[in-house]
Amino acid sequence: MDINRFSLKINVFHGRKAPEEGLLVGYGALIEKLKLSIPLPNRLALISTKNRQYSTDNWLVLTSRHEPEDTLYKQLVFALKYEGVNLLFFKKLFETVHKDTIKEIVQKEPSGQYSRKIWFLYEWLLEVKLDIPDLDKGNFVFLIDEDLQYASSISKNSSRHRIKNNLAGTVDFCPLIFKTEKLENYIAKNSTENINTVVKGFRKDVLLRTSSFLLLKDSKASFSIEGETPTQNRAIRWGKAIGQAGSKALSKEELYRLQQIVIENSRFIQMGYRTEGGFVGEHDRTTGEPIPEHISAKQDNVEQLMDGLIKSANQMESIGFHPILTATKIAFGFVFIHPFVDGNGRIHRYLIHHLLASMKYSPQGIIFPVSATILERIDDYRKVLENYSHPILDFIEWEKTKSNNVNVLNDTIDYYRYFDATPQAEFLFECVDTTIHKTIPEEVAYLQKYDEMKLWLDDHFQMPDNMVALLIRFLEQNNGTLSKRAQEKEFVGLNNEEVKNIEKQYNQVFEP
């Protein structure tokens, strides 16, 4: 294999317009040259022809002094140094390039930190050893550069490579998240201390009522996202399950229990992990053929992937990895794997609640209504799911089955365990930020206004609670005015002057 001439001068690359003409280097150049069957990274590296240095959402632009020598080794060094660790890339690279080439690369600079990282990744990902003697001296270096990506605060030393393995995850499931300005700002703004300060500003009894209401709201929203309208009892039952999030350890058996709660009628659904293919999308109206928007993990891989996901969740919880970042990796990893025939979406969102509660991020007794916020931003939610699902479709070979399902033909397991979860982390943090600083305060404020209105009605009319609730609901629905129909039926006992006084009081209390 010709291992030279990786760099490529571009203006546009695979439909992405570069911010200026430049030299594509690093992961993008290597994926193109070696024809690796993986999606391009969310951000590509470019050497500026104008000798400028800046970054955008999709491009890292560097000057000519950063340009690597055009060899496989130097391009890998550049990628690790400036673009971070891409586990999916390295897994496919090691499956494509002969191990003797990797051994030769590692031994070019055997004590160099990037040589050691490549060596460690080869043996960690493939679980085989290269014929290279252990290092017996040299400083230990972290595998993940914490200036670029979020890493475990507790590392495991590999004396053989003199590497500190600070990956937050296991070899069977390890998505990574890049540090971004947006994430850093959200982490600083929404520390557990800041959240507790917000919550302490509310009366405890009002906060408890708010939490009860938001549980039901979140439950209904989670069904609505799936295009379902649940019965009140079904919504209450799932809301009760959400309210218990964090109280039971995550396990295969726990996931099965949750699926049984979600699926009201299981007569026509295979429960438990899938034993056939799966996809999210539509069927052709004429032929019935599947039109996938997302293809689920191969059924033969589900058990291994889910074992890895559960072990990774427990590992991240034990090391105190950031709760939102943990929830991102686990909840979105779950929905991408799609281990069940049905119920995946609601359990995916339950896992967010579970991890935020079990890792003590959400205050005790308070459930952030994430599903309700997602429902309000449903288009953004679809986009963040598609950011993962659509690029991998090009690399999944499949055929339709007799039942118009999909049967995956190639090896796809790595797409589901090594992915960049940065877009999903930013989206989830936006949703949680909204619930903390908007949804919960607004609901608390509403209940306080409701109590004020109820007290006034009690003082003036001694109305029973059910009539107060009905009256306020009618006024809400009719912009502060009691409809003629309501005056003639449910509230026929009120005269015109009383109705005017009630409307006046309502509009004063509930004014925007």
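Two strands pair if DSSP finds at least two bridges between them, and strands (E, at least two residues) and helices (H or I, at least four residues) are DSSP runs numbered from the N terminus. The model is predicted, so that local features need pLDDT of at least 70 and side-chain atom pairs count only at pLDDT 80 or more, while totals for chains, interfaces and linings use all residues. Residues are numbered from 1 along each chain as its sequence is written, and side-chain values use heavy atoms, with hydrogens and water left out.

**Exercise 1.** Work out the order of the strands in the open sheet, and find which are the edge strands.

Solution. The open sheet has five strands, and its order is β1-β2-β3-β5-β4, with mixed pairing. The edge strands are β1 (8–13) and β4 (54–55), each of which pairs on one side only.

**Exercise 2.** Describe how strand β3 (residues 44–48) is joined to β2 and to β5, and say whether its residues are buried or exposed.

Solution. Begin with strand β2 (residues 16–25), which runs antiparallel to β3 and is joined to it by four bridges; here L23 has I47 as its bridge partner. Next, four bridges join β3 to strand β5 (residues 59–62), and these two run parallel. I47 stands opposite L62 in β5, whereas L44 has W59 as its bridge partner. Finally, take buried as under 20% relative accessible area, exposed as over 50%, and partly exposed as in between, using a 1.4 Å probe and protein chains only. By this rule five of the five residues of β3 are buried, with L44, L46 and S48 on one side and A45 and I47 on the other.

**Exercise 3.** Determine how helices α11 (residues 302–319) and α12 (residues 323–337) pack, and which residues meet.

Solution. Axes are lines fitted to C-alpha atoms, for helices over the stretch in contact, and angles run from 0 to 180 degrees between N-to-C directions. The two axes lie 10 Å apart, at an angle of about 170°. That makes α11 roughly antiparallel to α12, a term for angles over 145 degrees. Contact means heavy atoms within 4.5 Å, and L305, M306, L309, S312, A313 and M316 in α11 meet T326, K329, I330, G333, F334 and I337 in α12.

Methods: Angles under 35 degrees count as roughly parallel, over 145 as roughly antiparallel, 65 to 115 as roughly perpendicular and the rest as oblique.
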